[in-house]
Amino acid sequence: MNVSNLDLYDAAGGRDTVVGKPTSDSMSPELAAAMADIPAVGIIHRPNMETILSLHPDLVVGINVPFHNQIRQTLAQNGIPLYINSLDSLEDSLKTLKFFWRIDRSRTRSCRTRCGYQTAADAVVAKAAGKESSRALILFSSPDSNNMATAASFFRRPF
C-alpha cells in the first residue's frame, strides 16, 4: 500500500505476484511501467478497502501509519493477513527485503540484491563518516491530510 514497500518487494523478485499497487506518482519509471496493468488500491492515507478485498490478496503489505493499522480488523475478518513494517532506517529496509525474500525462497535474486544494497549502503556510510548530517524536511500531503518529518524521523545514521 506504499511505494517503498512495493519497490523493495520488486527488488526481492516478487513482481509477478503483485495484485494491487498504491495510487502514486512517485514510482520509478521502470516500476511504473512494470505495474501499469496492476489495479491501484488507493493512496497511502486512504486505502480503498473495496478494491483491496476484491483482489483477494494472500497478504497486504503496509507501513506503520495509522491509515494502514486501521484496516487490520477488516482484513482479518476477510481472512487476509496484514504485514505492517517500519522503514525508518537502513536496517529496517534490509530486514523488510529479507522478509520479502522469505515469502518465496525460490527467488534467489533477493539475496544478491540484499547483499548489493548492504554493500552500497556501507559505501555511503563510509563516505559520510565524520561529516555533519544534512537537515531535511519531508512532507507527505494528500487532499485530506498533511504529515511532515525531519531526516531524524527516518534515518538513524547520517547519510
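A salt bridge is a side-chain nitrogen of Lys or Arg within 4 Å of a carboxyl oxygen of Asp or Glu. The legends below describe close-up views of a predicted model.

**View 1. The salt bridge between R15 and D10.** The side chains of R15 and D10 come together at 2.6 Å, N to O. This distance is within 4 Å, so the pair counts as a salt bridge. D10 has a relative accessible area of 8% and is buried. R15 has 28% relative accessibility and counts as partly exposed. Side chains of opposite charge can pair when their charged atoms come close.

**View 2. The salt bridge between R15 and E30.** R15 also meets the side chain of E30, at 3.5 Å, N to O. The two residues stand 15 residues apart and link distant parts of the chain. R15 is in the loop between α1 and α2, and E30 is in helix α2. Is E30 buried or exposed? With a relative accessible area of 59%, E30 is exposed, because the cut-off for that word is over 50%.

**View 3. The network of D10, R15 and E30.** How many salt bridges does the structure hold? The structure holds two. D10, R15 and E30 are linked by salt bridges in a network.

View 4. K21 is found in the loop between α1 (3-11) and α2 (29-34). Which side chain of opposite charge is nearest to K21? It is that of D37, 7.6 Å away. A polar atom of the K21 side chain does lie 3.5 Å from the backbone oxygen of I38. Leaving out residues up to four places away in sequence, K21 touches L6, M27, M35, A36, I38, P39, A40 and V41.

**View 5. The largest nonpolar core.** This core has 17 residues. Those with the most contacts inside it are L6, V18, M35 and F100. Two or more residues each come from α1, β3 (60-63) and α6 (90-103). Which element gives the largest share? The answer is α1, with five residues. L6 and M35 are also among the residues that K21 touches. In soluble globular proteins, nonpolar side chains tend to be buried together.

Conventions
Residues numbered from 1 in each chain as written. Predicted model: local features only at pLDDT ≥ 70, side-chain atom pairs only at ≥ 80, totals over all residues. Heavy atoms only, no water. Helix = DSSP H or I, 4+ residues; strand = E, 2+ residues; numbered from the N terminus. Buried < 20%, exposed > 50% of the residue type's maximum accessible area, 1.4 Å probe, protein only. Lys, Arg positive; Asp, Glu negative; His and termini not counted. Polar contact = N/O pair within 3.5 Å; in protein donor to acceptor, adjacent residues only side chain to side chain. Contact = heavy atoms within 4.5 Å. Core = buried A, V, L, I, M, F, W, Y, C linked by side-chain atoms within 4.5 Å.
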